[in-house]
Amino acid sequence: MSGVLSASVVADTFTLPTIDYGALAPVLIVAAAAVIGVLVEAFAPRGARRPLQLVLVFGSLIAAFVAVVMHAGIRQLDGGGAVAIDGPGLVLQGAVLLISIVGAMLMAERMVDPAGDAFAARASTLPGSEDERQFSSRGFLQTEIWPLMLFAVTGMLLFPIANDLLLLFVALEVMSLPLYLLVGMARRRRLLSQEAALKYFILGSFSSAFFLFGSALLYGYSGSIKFGKIAEAIAGNPGQNMLILVGVGMVAVGLLFKIGAAPFHQWTPDVYQGAPTPVTAFMAAAVKVAAFGAILRVFYVIFGGLRWDWQPMLWVIAILTMLIGAIVAVTQTDVKRMLAYSSIAQAGFILLGVIAANPAGLRGAIFYLVAYAFTTLGTFAVVTLVRDSTGEATHLSKWAGLAKTSPLTATVFAIFLLSLAGIPLTSGFIGKFAVFTAAIEAGAMPLVIVALFASLIAAFVYGRVIVLMFFADPPADPPAVVVPSAFTTLAIAISVAVTVVLGIIPQPFLTLLEQAGVFIR
Amino acid sequence: MEVTTAAGGAFAYLWLLIGFPLAGAAILLFGGKRTNRWGHYVGTLAVVASAAYAVILLLALMGRSPEERTVVQHIADWIFINKFSASIALQLDQLSMVFVLLITIVGSLIHVYSIGYMKDDPDRRRFFGFLNLFVAAMLLLVLADNYLLLYAGWEGVGLASFLLIGFWQHKNSAAAAAKKAFVMNRIGDVGMSLGIMLIFVTFGSVTFSTVFDQAGEASDTTMTWIGLLLLLAACGKSAQFPLQAWLLDAMEGPTPVSALIHAATMVTAGVYLIVRSGPIFDQTIVASTVVVIIGTITMFLGAFIGSAKDEIKKALAGSTMSQIGYMILAAGLGPVGYVFAIFHLLTHGVFKANLFLGAGSVMHGMKNRENMRRYGALRAAMIVTWLSFMAATFAIMGIPPFSGFWSKDDIIHAAFEHNIIIGICAILAAGFTGFYMTRMLVMTFFGKARWEDDQHPHESPPVMTIPLIILGIGSIFTGIGLLFWGNIETWLEPVTGFETRELAIPAIVLEGITLLVVLVGAAVAIAMYRRSVAVEAPKGNVLVRAARNSMYDDAINDTIAVRPTYWLSRSLVWADRSVIDGIVGGSAAFVGGLSGRMRRLQSGFARSYALAMLGGAILVVVVMLLVRLP
């Protein structure tokens, strides 16, 4: 593993780092399940693959979550310092796993689309070709999505605990590559989906290049790729030079791309719209949690001593992100694109927690992430249900008067939108409150005012959809709200429950975050 | 020194007092139609269970020495924010005990009565659900150990009152009355919430014991403000001047509601609040004087209105205002009066419930018509109702040995100790009481029958008359019982304090004068209404017309509150349309336009996205470097 690499870089004589496999169990369980999943694809008969994969996916995710819970007390560096298993890391891992479980439920849904699940029967067939029709009509299912998803989860689990730059890069790629593929596998509107996948891949590689270059600069400055060592080098050398400042900037670009912060956000609407909606839900929620986990660790641990240098830069990014996300969302007519811009704005709000650079900011950002993730899962889950003859009816005009035909669906969607808007008694309010107060505590009052302004614009966006659903007349050909199987029903129920419960009794989770403490070096 | 003890033994299940009716309300309101058949029994049983437990608690409390009769049960931590804390904790002491008994026992009787009264109503289950909800909230109000929890109960009874006044919401008048009660109560609630905030700011706590222990340390001005704010709250809830107008309209609710909520219990919550906050009012001569004045004004106001109204329930509502005026007056007198305020509250709770249920029984037999000018000579048709109504009438007039005599006489006595003018006012109001009650009695049960042609008066079924009989007996004996057997003065003394002063004239003379004035009032009424009552109300002089119009309270409210509000809101709407909407609309258009422009940056080409990223990276690095420059 990369831990081996990093150890050999700093030591003259090669010593094998000790690895506490128990502490890494969550990552290892999911990775092993992914590998077994590949074998299942290769050797199991076609009919048996889906049941086997589902057992593997849910079994491994739940087992990994149990492992995380059992590790609750662990605070240690592992793998020769390449990973840091600490409170925030474990909370983020747990969140990633729970989000993945709900996301997997959405991906497993087979009832809403009459043709099968949300994925192309054969991703390799040309869109619109005879082959495609053949595979579709014979009821083929693409079960390779499951190992791909598990690999992505492996990367996400490593991302927030990676404690050296090289492992961080590996985790980033392990997370991203399967997602590029998953994005391109939509059953309907395949050209859009494939275009989105390619864009995501190209731009993702571009951002990775920035990240790698930044890492190289940081190594050049400090002589190490370990977070702790770099931080020590920064502390020991107050007069920084170009190397460290440009390095920080480059690394930041790579990470900010993943959370869709402006001006690195432009892939987000295209990809969210093109990807199969369950995948959109999964990546909008899980990638954001994992990537923000890494950002928090990088900025708190490595660059903590440099905060006066990077805070202005993040101010600019946060303001751009919040305003662009909220303002452009106003004129969106496609519900998935609207949600994509909303997620950009939300990323901007979470950045306030990073900028605060204090324990309250860390807690607030994590709370916000979890609240946002479940609400987002729920919104996209509802999007999968509103359909017409061509698939999901994503044009907003189709959503008019939804409350008259399906009051329950409209109400659930309204709850999610209210949470995204940050209305009290929903998780979104507590999240916003937490990061805003942390930012004020850190003296970022002007930023909070901008954030409130952006919230106002965003609230208009969400409010408009609610008004549309509840007070407008349905279109002439209203979409049908399909009745999903237990998978999606349960996923939506969990999302609603988390959204409401975290809004009304947030204290237990806040207490958990307090107990989790701060990052270790 | 009082000792507060944790709840144990018989007190361990204190929360059940509230739990029973709350569970009843939950079953009835969430159970839906399937509980229609047996729902009213569940509702009644829930309150009876609370009453039974209340009696057990009373016995247990009497078994303790007077200093140990304050029991606190901590149920849960409610709110903890920095210094601010409020817990869900119940406090049972002598004061709350008597309230609990009044609420549960009178409540039980009214529940039983309602089984008969609401028999033909399709929504009887919902009615009982709301009644149970009310009982639970009222018990919470009197059992709370801090102002914030009291406030929760306070709003709970307000909600139940709103729901029950508007219970027959198909009638426009009922819906409007519910709304009126709701809005006017909000005004009082503003006082309540500001008062609680000021208490917290001043004392750092909202718990009764903590606040009262430090009551002497705050400045006079602060205490005056707290007192006035709490008084405003009490005025709203207890229909005291100037927030009295809603009570008459509240008679649109079903009669058992008027009996339970708008006569016996909820409207007396204001008296409870003032007596409970006694240590605060003791510190402020200004606020307690205002309390006395408000009580005196309302006492007359209610008496006037009660003397002129022809609808039996509205006349009773006027009388309720007047009697609560007595209580508020007594409460304003300080430790001299607290005990008597509560004493009168208890006896009033019984006899006024009796009067309302009697009125309900009459209306039940008269096709729900309320106009007393169309009654008359009903004593033969409804003997039980008549006799119990008589007992209650004598009680409220203060004829010895009926219960009102003992309690009202004490208040008049205390008023004289305080100030001779207030004392004379109290006696005069007693004369009015004699007048309007005798008028009601004569117009309804005596004289000639003035019934409309389709009327066939009949006595109500036993399920309604039995509660009447019990309350009738209560109207006779509650006063003697509480005073001589219950020793109400010494019982309440540890909580409210108690003191007496010597009077210049002997008590027996004062009692004699009072009785004389009452009898004069009664005689006037008999002289006016015995022989003939016009079916159509005569025009009457200015005063009569004013009283018939509830002293023009609606017109006054219209002039001083409603119309200025309309005017204000119209100008605000204008400002909103032209100024705010201009700004909002303008900024919305601005954002929309910006959005449309920025949207074009999203070209769909990966190459332009990559270019934007490169630009972003340059931006990031430049900002990083710029910060270092200076």
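Predicted model: local features only at pLDDT ≥ 70, side-chain atom pairs only at ≥ 80, totals over all residues.
Local features are reported only at pLDDT of at least 70 and side-chain atom pairs only at pLDDT 80 or more, whereas totals for chains, interfaces and linings use all residues. Residues are numbered from 1 along each chain as its sequence is written, chains are lettered from A and ligands numbered from 1 in the order in which they are written, and side-chain values use heavy atoms, with hydrogens and water left out.

**Figure 1. Overview of chain A.** Chain A contains 21 helices and 5 strands; helices (H or I, at least four residues) and strands (E, at least two) are DSSP runs, numbered from the N terminus. Of its 521 residues, 64% are buried. Buried denotes under 20% relative accessible area, exposed over 50%, and partly exposed the range in between, with a 1.4 Å probe and protein chains only. Contacts (heavy atoms within 4.5 Å) with a separation of 6 or more are made to 81% by residues 24 or more positions apart in chain A. The accessible surface of chain A is about 17600 Å², and carbon and sulfur atoms contribute 72% of that area. Accessible areas follow the Shrake-Rupley method with a 1.4 Å probe; for residues, only the protein chains shown count as cover.

**Figure 2. Helix α3 of chain A and its packing partners.** Helix α3(A) covers residues 46-70, 25 residues in total. From its first C-alpha to its last the helix reaches 36 Å, close to the 36 Å expected at 1.5 Å a residue; the expected span is 1.5 Å times one less than the number of residues. Among the buried residues of α3(A) are Arg49(A), Arg50(A), Gln53(A), Leu54(A), Phe58(A) and Val68(A). The partners against which the buried residues of α3(A) pack are α2 (25-43), α4 (87-107), α6 (145-158) and α20 (486-504) of chain A.

**Figure 3. Two loops of chain A with backbone features.** In the loop between α10 (242-259) and α11 (267-274) of chain A lies Pro263(A). The peptide bond joining Ala262(A) to Pro263(A) is cis, with omega about 0°. Although not a glycine, Ala357(A) has a positive phi of about 50°. The relative accessibility of Ala357(A) is 13%, so this residue counts as buried.

**Figure 4. Overview of chain B.** Chain B has 24 helices and 3 strands. Buried residues account for 55% of the 630 residues in chain B. Of the contacts in chain B between residues at least 6 apart in sequence, 81% join residues at least 24 apart. The accessible surface of chain B is about 25300 Å², with 68% belonging to carbon and sulfur atoms.

**Figure 5. Packing of helices α3 and α11 in chain B.** Two packed helices are described by the angle between their axes and the distance between the axes. Helix α3(B) (residues 94-117) and helix α11(B) (residues 269-276) pack at an angle of about 170°, and their axes are 11 Å apart. This angle makes α3(B) roughly antiparallel to α11(B). Axes are lines fitted to C-alpha atoms, for helices over the stretch in contact, and angles run from 0 to 180 degrees between N-to-C directions. Angles under 35 degrees count as roughly parallel, over 145 as roughly antiparallel, 65 to 115 as roughly perpendicular and the rest as oblique. On the α3(B) side, Leu95(B), Ser96(B) and Phe99(B) meet Tyr272(B), Val275(B) and Arg276(B) of α11(B). By class, the contact of α3(B) with α11(B) comprises 4 nonpolar, 1 polar and 1 charged residues. In this classification Ala, Val, Leu, Ile, Met, Phe, Trp, Tyr, Cys and Pro are nonpolar, Asp, Glu, Lys and Arg charged, and the others, Gly among them, polar.

Figure 6. The loop between α15 (338-365) and α16 of chain B contains Asn368(B), which has a positive phi of about 60° although it is not a glycine. Asn368(B) is partly exposed, at a relative accessible area of 49%. In the loop between α16 (383-397) and α17 (403-418) of chain B lies Pro401(B), joined to Pro400(B) by a cis peptide bond with omega about 0°. Within helix α17(B), Ser407(B) is buried at 0% relative accessibility. Apart from neighbours within four places in sequence, Ser407(B) contacts Phe343(B), His344(B) and Thr347(B).

**Figure 7. His74 in strand β2 of chain B.** Strand β2 (residues 70-81) of chain B includes His74(B), which is partly exposed with a relative accessible area of 47%. Residues up to four places away in sequence aside, His74(B) touches Ser87(B), Ile88(B) and Ala89(B). His74(B) and Ile88(B) are 14 residues apart along the chain, and their C-alpha atoms are separated by 6.4 Å.
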